[in-house]
Amino acid sequence: AEKDMDVAPYIKDGRTFLPLAYVAQALGVSSNNILWDATNQTVTLIKGDKVLQVKIGSTTMLVNGAAITLDAAPEINNSRTCLPVALIAQAFGESVSWDAATQTVTIK
């Protein structure tokens, strides 16, 4: 199913960035389980037994409390938290493919 986003995907340093909320919803995370902490600038995603947390500007992602180093930090773009789509999808056990010809990311 297609869904319109209010922030377009973009490429930065060879990574495709997407708004976190749309990626999370596509991965089956309900909007009630997408938590924004404005004070600490962190986003927490909860799906099943997985709890994932990212912080704006930090290259550390926590998955069930275990630190994973990211090669690109989440950032705010047009008031939306954006980060490399592959990192979130892989943390939830999904595979991601990139089609350079059509500039399309597919999450399976």
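This is a predicted model: local features need pLDDT of at least 70, side-chain atom pairs count only at pLDDT 80 or more; totals for chains, interfaces and linings use all residues.
Me: What volume does the largest pocket have?
Reply: On a 1 Å grid over the protein atoms alone, a pocket is an open set of points where a 1.4 Å probe fits, with protein on both sides within 12 Å along at least five of seven lines; lining residues have an atom within 4 Å of a point. Points are joined across faces, edges and corners, and the volume is the space filled by probe spheres set on them. Here the largest pocket has a volume of about 540 Å³.

Me: Which element gives the most to the lining of the largest pocket?
Reply: Helices (H or I, at least four residues) and strands (E, at least two) are DSSP runs, numbered from the N terminus. In this model α1 gives the most, with four residues. The lining has 22 residues, and Met5, Leu18, Ala26, Val105 and Ile107 lie nearest the centre of the pocket.

Me: Which aromatic rings form a pair, and how are they arranged?
Reply: Rings of Phe, Tyr and Trp (its six-membered ring) pair if their centres lie within 6.5 Å; planes under 30 degrees apart count as stacked, over 60 as edge-to-face and the rest as tilted. The structure holds one such pair. Tyr10 and Phe17 are stacked, at 5.2 Å centre to centre with 15 degrees between the planes.

Me: Why do Tyr10 and Phe17 count as buried?
Reply: Buried means under 20% relative accessible area, exposed over 50% and partly exposed in between (1.4 Å probe, protein chains only). Tyr10 counts as buried because its relative accessibility is 17%, and Phe17 because its value is 2%.

Me: How many residues does the largest nonpolar core have?
Reply: A nonpolar core is a set of buried Ala, Val, Leu, Ile, Met, Phe, Trp, Tyr and Cys residues joined through side-chain atoms within 4.5 Å. The largest has 20 residues, and Leu52 and Phe92 are among those with the most contacts inside it. α2 gives the most to this core, with five residues. A second, separate core of five residues includes Tyr10, Phe17, Ala72 and Cys82.

Notes. Residues are numbered from 1 along each chain as its sequence is written. Side-chain values use heavy atoms; hydrogens and water are left out.
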